[in-house]
Amino acid sequence: MDWTDADAVAQVRAGNPDAFRVLVERHSRAIFRLAFRMTGNEQDAEDAVQETFLRAFKQLKNFDGRSSFSTWLYRVCANCTIDSMRVRKKHEQKRVRDQEDSETDLLAQQASKAPSAEQLTHSREINSMLEPALEQLSVMERTAFVMRHYEGLGIEEIGRILEVQPNAAKHSVFRAVQKLRRALEPLMEGVR
Amino acid sequence: MKHLSEEHLILHYYGETDASEHLNACAACSAELKRLAATLDALHAYEAPERGPGYEALLWQRMAGEIRAAKLAWWRRPFVLAPLLAGLVVGAFFAGRISTARRAPLPLMATSSISDAGRQRILLVALGDHLERSQMVLVELVNARPEDRDGIHLSQQRAQELVPENRLYRQTAAQVGDEEFNALLDELGRVLTDVANGPSDLSSTELEQIQQRIESRGLIFKVRVVGNNLQHKGNNEL
């Protein structure tokens, strides 16, 4: 089927739910990548992908066509993922607070875990080094950063997707980059 | 020479501004950009695991049933969410929950254009949806930490959207004497209003007070139980 996104949306709206399959097949990999980079967890990302498409189907009436379908879908995915990340963070924070009697230095922890230059050739090791740094970001910072850095979206568009002013989106990206630099630069010195 | 700020360098790296002229003339800023670029370039190695062949088809298989089942609810939702009709239907729904002897006269539009069973189904879904979204806001707030200002602000925006909807449901429940719903929606409405009208930069004490209020009364649990019951009932009737 050579339907455009707009054709498929029109078909679904005309009462053909199976036309939604075109949209699922066309966008699911990109949505998975976005969800994975936001959550850092494969299972959570899979759940977010399904939740995104189900929510998108139910809310398709709200898609007014002013932005592209993929931009709108990114917004739905970001909201789904943000919701699930907040729930997950709560559980993690409670666990961490329970263990916080002896405060630990995250940077020192990371430095001790710094992999060798050889290990850096493997993406899994790279991910395991980068993920703790990304985990330090707030949900909003991580979302804005992922959209800017990995998805190549402009600040204005990120603001529209997250429904915040462009300035707020820009500052979320700034704070994310600053935190990432603080966490990663010492490690990178070690492997240069 | 005034050096570029880190923000400026970040915008340049992402192509949002062009600082090439300054960078060509300033060795210090150029070196700083290199350090920044090295870190950000390294982050490109953070890869999402590739999905196997047939991923799209498998995903669709998993969801197709739910999507086809949701179709009916989806078509009816635009009507549900229109405030006027929702108000009329809410009246009919709550009236239906109390005894026939006390039943309030049904609004003209509700009685003429939608069957009783239809009204009931629509309301089950709409109320369930309202409670689900409210629950999400409450969960976000209970989980929030004072430094996560953006997240708290988003929750406040969502609470602002939920307040008028909640008021409509609560007023109707009160009018028809549905005390159980009235009490729940009243309690929920007070919390949502406080959140929605709170300052954009809630202090940690204010946030803590809201969290204690939500948790001490078991509001999330109550909303979840009632919401789940409604949605379950709505799905069974669809």
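The legends below walk through several close-up views of a predicted two-chain model.

In this predicted model, local features need pLDDT of at least 70 and side-chain atom pairs count only at pLDDT 80 or more, while totals for chains, interfaces and linings use all residues. Residues are numbered from 1 along each chain as its sequence is written, and chains are lettered from A and ligands numbered from 1 in the order in which they are written.

**View 1**
Helices (H or I, at least four residues) and strands (E, at least two) are DSSP runs, numbered from the N terminus. Buried residues make up 38% of the 192 residues in chain A, and 32% of the 238 residues of chain B count as buried. A residue is buried if 20 or more other C-beta atoms lie within 10 Å of its own, exposed if 12 or fewer, and partly exposed in between, with C-beta atoms placed from the backbone. Take the contacts with a separation of 6 or more in chain A: residues 24 or more positions apart account for 62% of them. In chain B, among contacts between residues at least 6 apart in sequence, 67% join residues at least 24 apart. Two residues are in contact if their C-beta atoms, placed from the backbone, lie within 7 Å.

**View 2. Where chain A meets chain B.**
Here 47 residues from chain A and 40 residues from chain B make the contact. On the chain B side, the elements giving two or more residues are α1 (6–13), α3 (27–43), α4 (55–81), α7 (116–143) and α8 (149–175). With 14 residues, α4(B) gives the most to this side. By type, the chain B side divides into 22 nonpolar, 3 polar and 15 charged residues. For this count, Ala, Val, Leu, Ile, Met, Phe, Trp, Tyr, Cys and Pro are nonpolar, Asp, Glu, Lys and Arg are charged, and the others, Gly among them, are polar.

**View 3. Helices α2 and α3 of chain A, crossing at roughly 140 degrees.**
The axes of α2(A), residues 20–39, and α3(A), residues 42–58, come within 8 Å. Axes are lines fitted to C-alpha atoms, for helices over the stretch in contact, and angles run from 0 to 180 degrees between N-to-C directions. The angle makes α2(A) oblique to α3(A); under 35 degrees counts as roughly parallel, over 145 as roughly antiparallel, 65 to 115 as roughly perpendicular and the rest as oblique. The crossing of this pair is right-handed: a crossing is left-handed if the near helix is turned anticlockwise from the far one by less than a right angle, and right-handed if clockwise. Among the residues making the contact are A:Phe32, A:Ala35 and A:Phe36 of α2(A), with A:Val49 and A:Phe53 of α3(A). The contact divides into 11 nonpolar, 3 polar and 2 charged residues.

**View 4. The largest nonpolar core, with 62 residues.**
A nonpolar core is a set of buried Ala, Val, Leu, Ile, Met, Phe, Trp, Tyr and Cys residues joined through C-beta atoms within 7 Å. Those with the most contacts inside this one are A:Ala35, A:Val49, A:Cys77, A:Ala144, A:Ile158 and A:Val173. The helix α2(A) gives the most to this core, with 10 residues. Not counting residues up to four places away in sequence, A:Ala144 touches A:Ile158, A:Leu162, A:Ala169, A:Ser172, A:Val173 and A:Ala176. A second, separate core of 28 residues includes B:Val195, B:Leu202, B:Ile214 and B:Val223.

**View 5. Helices α8 and α9 of chain B, crossing at roughly 150 degrees.**
The axes of α8(B) and α9(B), residues 179–197, come within 8 Å. The two helices are therefore roughly antiparallel to each other, and α8(B) passes α9(B) in a left-handed crossing. Residues that meet here include B:Ala159, B:Leu162 and B:Val163 in α8(B), and B:Leu185, B:Leu188 and B:Leu192 in α9(B). The contact divides into 12 nonpolar, 7 polar and 3 charged residues.

**View 6. The loop residue A:Glu163, with a positive phi.**
Find A:Glu163 in the loop between α8 (155–162) and α9 (166–191) of chain A. Its phi is about 55 degrees, although A:Glu163 is not a glycine. Most residues other than glycine have a negative phi. With 14 C-beta neighbours inside 10 Å, A:Glu163 counts as partly exposed.

**View 7. B:Leu230 in helix α11 of chain B.**
This helix spans residues 219–237. B:Leu230 is buried, with 21 other C-beta atoms within 10 Å. Although B:Leu230 and B:Leu127 are 103 residues apart along the chain, their C-alpha atoms are separated by 7.2 Å. Leaving aside residues up to four places away in sequence, B:Leu230 touches B:Leu124, B:Leu127, B:Gly128 and B:Leu131.
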